[in-house]
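Subject: Structure handover

Hello,

The sequence and structure are below, followed by notes on what was found.

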Amino acid sequence: MKAIVLFGSPGSGKGTQARMLTQCLGVPHISTGDMLRDRIRQGSEVGTKVAARMQSGALVRDELVNRMVQERLSQPDAAGGFVLDGYPRTLPQAEHLCKWLEERGIREVVIHLAVDYNIIIARLTGRRQCPRCGTLYNIASHPPQVDGLCDLDGEPLVVRDDDSEAVIRERLDAYDSQTRPVLDFFRGAGRRVIEVDASNDPPEVVFEKIRQAMEADDCS
Ligand code: ADP
């Protein structure tokens, strides 16, 4: 069972590493950010409620996110493992997840992608995403082959609503006040936390570091 929690601030590269990990391990990628954006796109009732919060950079209510993740983790394709990306983000979410995992005898491993603050700002302001397949680009470090179009399906790339500078600051504040304590919670409880320096290396090198650290930890 590969229960992986990818942890890091906005812009730390969680989404990119999650995609590489899920491809390598053959388990689903569970991104609460992507799930919430899907619900907004579908125009569901939940979507309308969360859209304003997400656009302002604030976190969505714990009960809603907890329910959404619990339902997703209960799907058959997650029975052999999963990579969680962007969850848990608050202490109540961490407690909820740990209880759910403990009840099923599942031992998770947390991978913390540590990235310097200034690098994060540069990454987030240059980020572009394909609205169809979710592939991420960066105009500075990883531009698409054709300006503004996805390499995989040619769809015009978009800037996420919450990637403007003011909203980025809000998201980083939310991370500092609400999400960073989650890491201390995992560390304090003697759970497995793997630290990976993800500041300067390209995604493939960060991925290799993760793979090696997991092997050394005997959880690959
Ligand atoms: P990033 O990690 O770059 O901020 P995400 O796609 O993970 O991007 O999240 C985007 C937004 O979605 C967050 O700013 C927040 O509003 C909402 N969100 C995502 N995951 C959670 C969560 N676990 N709890 C509460 N809100 C969340």
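A residue is taken as near a molecule or strand if one of its heavy atoms lies within 4 Å of it. There are 20 residues around the ligand, and those that come nearest are Thr32, Arg37, Ala58, Gln93 and Arg171.

This is a predicted model, in which local features need pLDDT of at least 70 and side-chain atom pairs count only at pLDDT 80 or more, while totals for chains, interfaces and linings use all residues. Residues are numbered from 1 along each chain as its sequence is written, and side-chain values use heavy atoms, with hydrogens and water left out.

Ligand site

The shell around the ligand consists of eight nonpolar, five polar and seven charged residues. Here Ala, Val, Leu, Ile, Met, Phe, Trp, Tyr, Cys and Pro count as nonpolar, Asp, Glu, Lys and Arg as charged, and the others, Gly among them, as polar. With four residues, helix 2 (residues 32-41) gives the most to this shell. Helices (H or I, at least four residues) and strands (E, at least two) are DSSP runs, numbered from the N terminus.

A polar side-chain atom of arginine 37 is 2.9 Å from a ligand oxygen atom; for arginine 127 the corresponding distance to an oxygen atom of the ligand is 3.3 Å. Valine 60 has a backbone N or O atom 2.9 Å from a nitrogen atom of the ligand. On its own the ligand has 540 Å² of accessible area (Shrake-Rupley method, 1.4 Å probe), and the protein covers 97% of that area.

Helix packing

Helix 2 packs against helix 3 (residues 45-56) at an angle of about 120°, with the axes 8 Å apart. Axes are lines fitted to C-alpha atoms, for helices over the stretch in contact, and angles run from 0 to 180 degrees between N-to-C directions. Helix 2 and helix 3 are therefore oblique to each other (under 35 degrees is roughly parallel, over 145 roughly antiparallel, 65 to 115 roughly perpendicular, and the rest oblique).

Cis peptide

The peptide bond from tyrosine 87 to proline 88 is cis, with omega near 0°. Most peptide bonds are trans. Proline 88 sits in the loop between strand 3 (81-85) and helix 5 (91-103).

Regards

How values were computed: A polar contact is a pair of N or O atoms within 3.5 Å; within protein, one must be able to donate a hydrogen and the other to accept it, and residues adjacent in sequence count only if both atoms are side-chain atoms.
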